[in-house]
Number of protein chains: 6
Amino acid sequence: MGTVPLLTDETAAPEARAVFDDIRAKRRTDYVNNFWRALANDPPLLQATWDRLQQVMAPGALDPLVKEMVYIAVSVANGCSYCIHSHTAAARAKGMTPEMHAELLAVVGMAAQTNALVHALQVEVDARFKA
Amino acid sequence: MGTVPLLTDETAAPEARAVFDDIRAKRRTDYVNNFWRALANDPPLLQATWDRLQQVMAPGALDPLVKEMVYIAVSVANGCSYCIHSHTAAARAKGMTPEMHAELLAVVGMAAQTNALVHALQVEVDARFKA
Amino acid sequence: MGTVPLLTDETAAPEARAVFDDIRAKRRTDYVNNFWRALANDPPLLQATWDRLQQVMAPGALDPLVKEMVYIAVSVANGCSYCIHSHTAAARAKGMTPEMHAELLAVVGMAAQTNALVHALQVEVDARFKA
Amino acid sequence: MGTVPLLTDETAAPEARAVFDDIRAKRRTDYVNNFWRALANDPPLLQATWDRLQQVMAPGALDPLVKEMVYIAVSVANGCSYCIHSHTAAARAKGMTPEMHAELLAVVGMAAQTNALVHALQVEVDARFKA
Amino acid sequence: MGTVPLLTDETAAPEARAVFDDIRAKRRTDYVNNFWRALANDPPLLQATWDRLQQVMAPGALDPLVKEMVYIAVSVANGCSYCIHSHTAAARAKGMTPEMHAELLAVVGMAAQTNALVHALQVEVDARFKA
Amino acid sequence: MGTVPLLTDETAAPEARAVFDDIRAKRRTDYVNNFWRALANDPPLLQATWDRLQQVMAPGALDPLVKEMVYIAVSVANGCSYCIHSHTAAARAKGMTPEMHAELLAVVGMAAQTNALVHALQVEVDARFKA
């Protein structure tokens, strides 16, 4: 269904296959999901994306679960079906309960609504909100 | 600059003025920001939005600071300048440090990038991601 | 502030000046707003846009005021500040009352919210909704 | 296919089941569409959304059919497939003819185009368009 | 699956059928893709869209392949699945190689990321960037 | 006006200052634009963004000017004012003529319009467009 084929371990180039193996090792699973198999059509983009994702999603000042929920929020606003599915699954694997999911959705819906109201009203930014 | 005037305590209808007073009381401040003053042109919408916002942003399964960061993420994806300013200020008031802000932005940027890549590649959702 | 200069009657090419004159004649005003003055940097695009806009916004099965409100709704969802300002002004000139504006905004906000919820939930389309 | 299961009358909580019954009664139909069955995973969000939708979409200064068409316009701009399907069906049920649908689409397409042109040109808002 | 039926040569109105024939002649193919068959429900919109598309996509200061890649970029940002599929196919037919496709995607992803960062940071436009 | 201060050579951390110097050297200019000065609040994000941007925008299978125009197209669709300004300036510096700019805008506008029409019509992807 995609605009490029999903590459298997056999059809991917060795550099892409190496990234698949790294994904398997880091995630302790045999499964490599479709996003990586599509990106494998461009091994340098696959490598750069996988490297950067690990840095960005690592524990830091923010908890990895919080990062996953932020990822879901952006993906919802951009209407990215695949991303919503994969990061909702990832958030659950990191401990997102149904209650947390429900509150996340309520916030995302509220934000979308007030974003639209603010756009329609063209509200000027209060001086005190500027850095 | 807006499409409606920002109403003051004097120009707002009594129902809107009552919401202003409730905002002041709940937030323990004298300041009512422009979003509410613009919404005051439609008192029932002002009331409904204020009521719902309090419910949605209250502490629950998610921390109020996490909710503010999710709110920023959605507002960034929707390009709502006012909302980004006001919720970044709110998140700071609730304890968002520069390190947390930096990680939030890195996640938001990464999500925007992979959302675009997934759209371009039209990646099929893996069966295991479906509920 | 734009990426191209706003052309005046003196700096615009004759083909663009002719469109300015047609705008003045059709709208019965001396004022040509900035959108057209920016588009004038590309006279064929100016002409094509003005011609098409007249056809699309003319009275038909839908009332011109309804069309203006639909235009506002799209512009809000796309976050186009100029478009929101200009079409809100146009809708008022065609009879949009504050009550109509308020209801329009409530619908736009509600739609943005449920759009986000549906994206987050990835709801399957009911068979009965398909043509 | 969703990120949450679609709840049936049997699997939904009693509070959600009560909303289903209210939807049936108000709409005079036995059918409860998937959006509500997905939202039922969070009964308070289901209740809040259903309550608010009824208020917002009720006859007022704007006709319910105009409201449905505005809803379609926002949903198109946000690329919400489910919402476009369900509100197009709702608009037809409220009397939208093929001619009205065609004009709606022409306006939505025109607005999307000029929104993009305005963004590209970064047109400054005319002083006369500000409230 | 659409909100309107896809019209065949038999079910389309004569004006729409004439556009189908023109598409076949200009593209030297017997195949008329679904976009046109959906638009055929509104023959004047079909005609206007086909006419305009030919003008806009014709060789000029920009190469038709560059135009197709720009079209893909916009469609990705707007999350239009059909458009991404059809214009990726069109770009390939006009000579887009896998290397070009890969670089296009890297740019689109980078732009989406920095667009989000700029929104989050609310960066002021440098004076030197203004026309 | 931003959500973070624009850092100067004096207020930026040494790691950020080093990136500023690299930008000056690579671009052969003394000027460091506001985007980098805002990103400097998070030196690792500044470094990662600058490194990646150089790779992505370098000459390759696509010409750097084509890449700038694709960047503009995405930024227009995402409504990123700063990005539109800065990449339009960059494209001009790389040789974009007014004629090329005009054609770029015509394609971007056309794509936005047909994206909206396709969303409204919910056109099914033709089998032949799938990889």
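This is a predicted model: local features need pLDDT of at least 70, side-chain atom pairs count only at pLDDT 80 or more; totals for chains, interfaces and linings use all residues.
**D:Thr3**
- The side chain of D:Thr3 reaches across to chain C, where the backbone oxygen of C:Ala120 lies at 2.8 Å.

**Chain A against chain B**
- Chain A puts 63 residues into this contact, and chain B puts in 63 residues as well.
- Between them, the two chains bury about 6000 Å², with 73% of that on carbon and sulfur atoms.
- Which three residues of chain A supply more of its buried area than any other three? They're A:Met110, A:Leu121 and A:Phe129, and together they supply 10% of what chain A buries against chain B.
- On the polar side, 28 residue pairs are in polar contact between chain A and chain B (both residues at pLDDT 80 or more).
- Several helices of chain A have a hand in this: α2 (34–39), α3 (43–57), α4 (64–77), α5 (81–93) and α6 (98–121) each bring at least two residues to the side that touches chain B.
- Of these, α6(A) gives the most, with 17 residues.
- Sorted by class, that side of chain A has 39 nonpolar, 16 polar and eight charged residues.
- As for salt bridges, the count between chain A and chain B is two.
- A:Glu103 forms a salt bridge with B:Lys67, and their closest N and O atoms are 3.0 Å apart.

**Chain B against chain C**
- Here the contact draws on six residues from chain B and eight residues from chain C.
- The buried area comes to about 510 Å², and carbon and sulfur atoms give 61% of it.
- By class, the side of chain B that touches chain C has three nonpolar, two polar and one charged residues.
- How many salt bridges link chain B and chain C? The count is zero.
- Polar contacts between chain B and chain C come down to one residue pair (both at pLDDT 80 or more).

**Domain record**
- An unreviewed UniProt entry lists residues 44–123 of chain A as "domain: Carboxymuconolactone decarboxylase-like".
- In the model, residues 44–123 of chain A are 81% helix and 0% strand, with the end C-alpha atoms 43 Å apart.

Methods. Residues are numbered from 1 along each chain as its sequence is written. Chains are lettered from A and ligands numbered from 1 in the order in which they are written. Side-chain values use heavy atoms; hydrogens and water are left out. Contact means heavy atoms within 4.5 Å. Buried area is the accessible area (1.4 Å probe) that two parts lose on being put together, summed over both. A salt bridge is a side-chain nitrogen of Lys or Arg within 4 Å of a carboxyl oxygen of Asp or Glu. A polar contact is a pair of N or O atoms within 3.5 Å; within protein, one must be able to donate a hydrogen and the other to accept it, and residues adjacent in sequence count only if both atoms are side-chain atoms. Helices (H or I, at least four residues) and strands (E, at least two) are DSSP runs, numbered from the N terminus. Ala, Val, Leu, Ile, Met, Phe, Trp, Tyr, Cys and Pro count as nonpolar, Asp, Glu, Lys and Arg as charged, and the others, Gly among them, as polar. UniProt positions are given in the numbering used here, feature names are shortened, and annotations may be inferred rather than shown by experiment.
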